[in-house]
Amino acid sequence: MNAIAIPALQPSLRDLFAGGCLMRSDISNEVYHADRSCVSASGLKEVLRSPEHFRAYLDGERKETPAKFFGTAIHAHLLEPEVFARQYVVAPGGDKRSKDYKEFEFANANRKILSAEQMSAIEGIGRKVAGHKSASTLLRAGRKEHTLIWQDAATGIWIKIRPDCLCTD
């Protein structure tokens with residue numbers, strides 16, 4: 001199989017980490033997942049299945065299911081509240097076919113729209129996690145959503161990870 005050249009639309013993670021830095025907090029989730037200069041755990045799992053699965057993983061779009069949408073919102077609320085506040089908005093009640101709702105959608109075209117029920121569930125989960133002594137301690141102490149890359153000494157392969165919360169102590 002011939003390698004497919006993909007034009008670089010943005011700097012690769014390897015470019016962004018030039019100079020020996022191994023961990024950064026300023027790499028967005030979108031940049032991390034779009035990068036093809038390093039392989040992730042998800043990519044390695046696909047390689048184990050077959051090279052064809054890995055190619056499909058690299059080339060394919062990730063479809064967002066309702067469950068994934070909701071899980072991603074919970075994730076942002078717990079780990080990146082400032083990102084959650086920028087990216088999510090709660091829909092007003094009422095008919096989604098109404099002029100008011102259509103205007104709301106247009107005004108929030110760059111944000112993800114949650115129902116009031118979804119927001120209530122997300123806030124409830126947030127309260128449960130905050131009330132759990134171990135979970136809340138770990139989340140306060142850890143580095144959230146930092147991107148790390150390194151080159152494997154044995155294979156020369158560049159690897160990337162983005163742990164939800166990394167406790168280094």
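This is a predicted model: local features need pLDDT of at least 70, side-chain atom pairs count only at pLDDT 80 or more; totals for chains, interfaces and linings use all residues.

Visitor: How far from C165 is the nearest cysteine sulfur?

Guide: The general idea is to compare the separation of two cysteine sulfur atoms with a cut-off, which is 2.5 Å for a disulfide. In this case the nearest cysteine sulfur to that of C165 belongs to C167 and is 4.5 Å away, and C165 is in no disulfide. Seen from C167, the closest cysteine sulfur is the one in C165, and the distance of 4.5 Å is too far for a bond.

Visitor: What fraction of the chain is buried?

Guide: Of the 169 residues in the chain, 24% are buried. One of the buried residues is L13, which has 0% relative accessibility.

Visitor: Where does L13 lie, and with which residues is L13 in contact?

Guide: L13 is part of helix 1, which covers residues 13–16. Apart from neighbours within four places in sequence, L13 touches I27, V31, Y32, D35, S37, C38, T147, I149 and K160. Sequence separation and spatial separation may also be set side by side: L13 and W158 are 145 residues apart in sequence, and their C-alpha atoms are 9.9 Å apart in space.

Visitor: How much of the contact pattern in the chain comes from residues 24 or more positions apart?

Guide: Among contacts with a separation of 6 or more, such residues account for 54%.

Visitor: How many helices and strands does the chain have?

Guide: The chain has nine helices and seven strands. Its C-alpha trace spans about 55 × 40 × 30 Å along the principal axes.

Visitor: What describes the packing of two helices?

Guide: Two packed helices are described by the angle between their axes and by the distance between those axes. Consider helix 5 (residues 66–79) and helix 8 (residues 116–131), which pack at an angle of about 45 degrees with axes 10 Å apart. Helix 5 and helix 8 are therefore oblique to each other, and the crossing of helix 5 past helix 8 is right-handed. On the side of helix 5 the contact uses F69, F70, A73, I74, H77 and L78, while helix 8 supplies Q118, M119, A121, I122, E123, I125, G126 and V129. By class, these contact residues comprise ten nonpolar, three polar and one charged.

Visitor: At what angle does helix 8 pack with helix 9?

Guide: Helix 8 and helix 9 (residues 133–141) pack at about 90 degrees, with their axes 5 Å apart. That angle makes helix 8 roughly perpendicular to helix 9. The residues in contact are V129, A130 and G131 from helix 8 and K133, A135, S136 and L139 from helix 9. Their classes are four nonpolar, two polar and one charged.

Visitor: Which residues of helix 3 meet helix 4?

Guide: Helix 3 (residues 41–49) and helix 4 (residues 51–59) pack at an angle of about 145 degrees, with their axes 5 Å apart. From helix 3, S42, G43, E46, V47 and R49 meet P51, H53, F54 and Y57 of helix 4. This contact holds four nonpolar, three polar and two charged residues.

Visitor: Is R127 buried or exposed?

Guide: R127 lies in helix 8 and, at 57% relative accessibility, counts as exposed. The C-alpha atoms of R127 and L78 are separated by 9.6 Å, although the two residues are 49 apart along the chain. By contrast, V83 in helix 6 (residues 81–87) counts as buried at 13% relative accessibility. V83 and I125 are 42 residues apart along the chain, with 17 Å between their C-alpha atoms.

Visitor: What is the phi of E145, and where is the place of E145?

Guide: Phi of E145 is near 55 degrees, a positive value in a residue other than glycine. E145 sits in the loop between strand 4 (143–144) and strand 5 (147–151). With a relative accessible area of 4%, E145 is buried.

Conventions: Residues are numbered from 1 along each chain as its sequence is written. Side-chain values use heavy atoms; hydrogens and water are left out. Axes are lines fitted to C-alpha atoms, for helices over the stretch in contact, and angles run from 0 to 180 degrees between N-to-C directions. Helices (H or I, at least four residues) and strands (E, at least two) are DSSP runs, numbered from the N terminus. Angles under 35 degrees count as roughly parallel, over 145 as roughly antiparallel, 65 to 115 as roughly perpendicular and the rest as oblique. A crossing is left-handed if the near helix is turned anticlockwise from the far one by less than a right angle, and right-handed if clockwise. Contact means heavy atoms within 4.5 Å. Ala, Val, Leu, Ile, Met, Phe, Trp, Tyr, Cys and Pro count as nonpolar, Asp, Glu, Lys and Arg as charged, and the others, Gly among them, as polar. Buried means under 20% relative accessible area, exposed over 50%, partly exposed in between (1.4 Å probe, protein chains only).
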